[in-house]
Amino acid sequence: MEGKPNIHTEEDNEQFETAMGGTKINGFDLAMQIYLLLDDYFCGTFAKNTKGVLMRMENGQVFQLTVTEVV
């Protein structure tokens, strides 16, 4: 994916809030949703932990995937 980052307008944010019913999503919940998609895009093993997702890539690299809200 190249080019400009996704920059949401105020209208986009309002539509999202309406769709979510005003429910706030926390970073851990979002990481768990991303966890479900990782196997489709990366070669390795993925495990849930208390911080988010531990990613062990086939080349030996290990990553900790965490999601933090930017306020």
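What share of contacts in the protein chain between residues at least 6 apart in sequence joins residues at least 24 apart? The share is 12%, with contact meaning heavy atoms within 4.5 Å.

This is a predicted model, where local features need pLDDT of at least 70, side-chain atom pairs count only at pLDDT 80 or more, and totals for chains, interfaces and linings use all residues. Residues are numbered from 1 along each chain as its sequence is written, and side-chain values use heavy atoms, without hydrogens and water.

**View 1. The whole protein chain.** The chain holds 2 helices and 3 strands. Their order from the N terminus is α-α-β-β-β. Helices (H or I, at least four residues) and strands (E, at least two) are DSSP runs, numbered from the N terminus. Of the 71 residues, 11% are buried. Buried means under 20% relative accessible area, exposed over 50%, partly exposed in between (1.4 Å probe, protein chains only). The accessible surface is about 6300 Å². Carbon and sulfur atoms account for 55% of that surface.

**View 2. Y41 and the nonpolar patch.** Y41 sits in helix α2, residues 27-41. Y41 counts as exposed because its relative accessibility is 64%. L36, L37, Y41 and F42 make a nonpolar surface patch of about 470 Å². Patch residues have over 30% relative accessible area and no salt bridge; nonpolar side chains (Val, Leu, Ile, Met, Phe, Trp, Tyr) are joined within 5 Å, like charges within 9 Å. A salt bridge is a side-chain nitrogen of Lys or Arg within 4 Å of a carboxyl oxygen of Asp or Glu.

**View 3. T50 in its loop.** T50 lies between β1 (44-48) and β2 (53-57), in the loop. T50 has 77% relative accessibility, so T50 counts as exposed. T66 is 16 residues from T50 along the chain, and their C-alpha atoms are 9.7 Å apart.

Note on methods. Areas by Shrake-Rupley, 256 points an atom, 1.4 Å probe, with all protein chains shown as cover.
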